[in-house]
Amino acid sequence: MKKIDKSEVKKILASRFEKDLHTKLCDLPLPCCLKDIYKAAERIKVAIEKNEKIAIVGDYDVDGIVSCVIMAEFFDDIGFDYIVRIPNRFKDGYGLNSEIINELNVNLIITVDNGIAALEAAKLCKERKIDLIITDHHMPQDILPDAFAIINPKQKDCEFPDIEICGAQVAWYLIAALKEVCKLKYDMSRFLELLAIAIIADMMELRDLNRALVRRGIDYINKSKRAAFKAIKNYYQKDKFSLDSIGFLIAPLINSAGRMDDASISYEFLHTKDLDKALEYLEQIVNFNENRKDEEKQLFEESLSQINDQDSCIVVSGINWHEGVLGIVASRLSKHFNKPAFVFSQNDDYLKGSARSVGKIDILSLISKANSLLSNYGGHKGAAGMSLSAENFEKFKILIQEECAKIPDNEFLDTDEILGILDPNEIDFEMLEILEAFEPFGHKNPRPFFILENVKVKNKKILGKNEKHLKLVLSKKNKIVEALFFNFDKEPNINENINILGSISKNEFRGLLTPQFIIKEILTEEKIHRIDQ
């Protein structure tokens, strides 16, 4: 691994965006790139003119909730009545189904962030003479639902550029087409604050148009008069949100209602104009989030007893484990062991699971190898869900571990993240400014990691309620670096020389801004050798 300096860091990060075509909002692809979008918009226009009954059917994650809010606010603004129905994870399961259709007495259903696999539901809509417009971004199967219109950039004959967008963006594009066909003066930028949250929460590629939308979106969030954002600022005593606030604070809060209870609470929270109501909803949501953390901690600890270090990937299960946190536990396990993780909850003779990837491994293509054992599965490269009968579980476990064992070692590491060996003298305010210019970090724009070699441990202190975090004062050639090691798994001795891998972040303690190093791992010689390969 080569030594790098600030100018090299700048060059490497800039090269990630060299092929981006849509770097400004005025460059965004137009609605006409999306197949069926005008067909759908014309149908909605007719429904508005005839005062037909419309239902918006969403999903229980952040992207699905935000998609519902975007559609609902457009209808609010034109004074048109509608119904929003967000399936309950525990009672309804995922997406549009016959029970939901039976309870909706409407002429038109618009799905947001779901529907591309709703073959049976589409058939029932046809029988009931309900027009179905599907807006989705998940991977289509070979057979598409028989719907009035399908708007999904991943359809074979769709001309949208090859950049993955989330469900909320597809809904936003539908409103842009509606604005055109209804000849309305309507400011589409008012939704940027919501789009930024959905893009980050749904782990979309943070390049090209997604990057442009998120970078502008954070400005809109900070200027926003939305009651939900005011409530979060009040509750957490924040003056402004940073890009990290979306991924670490706002998105987990919005997600927690759907994980632990009912996502419609988060929908009402984002949708309400009343600050007092927003504060009431937020209190419920904060409670859900605390319960979510407790549940997650418990399942993570229960999972550890089932894991064999020699296995090529992590496959764990439990009776009636809380379905709302399976994905988060899978994510924690995959990061902790640096292996793909599959976490299942067993209910009678049936298991539902969530999977998370690491490095460059495509988890969806890995799961597809076990297709014959699964009742259903879906998702994208980094995250997926699946279900299967209990009698197939052991077979699935064996097959997925065999397939995972065939994956080359270097696929488990995303070495694109590790930029090189850094001299501690390079960690300063100028470096913080360089890194900030390339935010937000995430999928396809990973947070830059650096190796610090032979740094001496001058001081150490254990932090946190559960004593799980470590603060180190490190030195090399008279340069002092403060470092934090969250959930540390190795504790160095005072005066020991260590090699560390980590990232650089801002420490804003008591209003004083200083750069700090966040340790991901204390490296062994063997690990350094593997990174070099």
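Start with the open sheet: five strands, in the order β7-β8-β9-β11-β10, with mixed pairing. Strands here are DSSP E runs of at least two residues, helices are H or I runs of at least four, and both are numbered from the N terminus. Two strands pair if DSSP finds at least two bridges between them. At the edges sit β7 (314-319) and β10 (376-379), each pairing on one side only. Neighbouring strands are turned by 15° against each other on average, direction ignored.

A word on the source. This is a predicted model, with local features needing pLDDT of at least 70 and side-chain atom pairs pLDDT 80 or more, while totals for chains, interfaces and linings use all residues. Residues are numbered from 1 along each chain as its sequence is written, and side-chain values use heavy atoms, leaving out hydrogens and water.

Back to β7. It pairs with β8 (residues 341-347) in the parallel sense, over six bridges. V315 has F342 in β8 as its bridge partner.

Now the helices. Contact means heavy atoms within 4.5 Å. Angles run from 0 to 180 degrees between N-to-C directions, on axes fitted to C-alpha atoms, for helices over the stretch in contact. Helix α13 (residues 326-337) lies across β7, β8 and β9 (350-356), at about 45° to β9. Helix α15 (residues 393-405) also packs on the sheet and touches β7, β8, β9 and β11 (383-389). The direction of α15 makes about 165° with that of β7.
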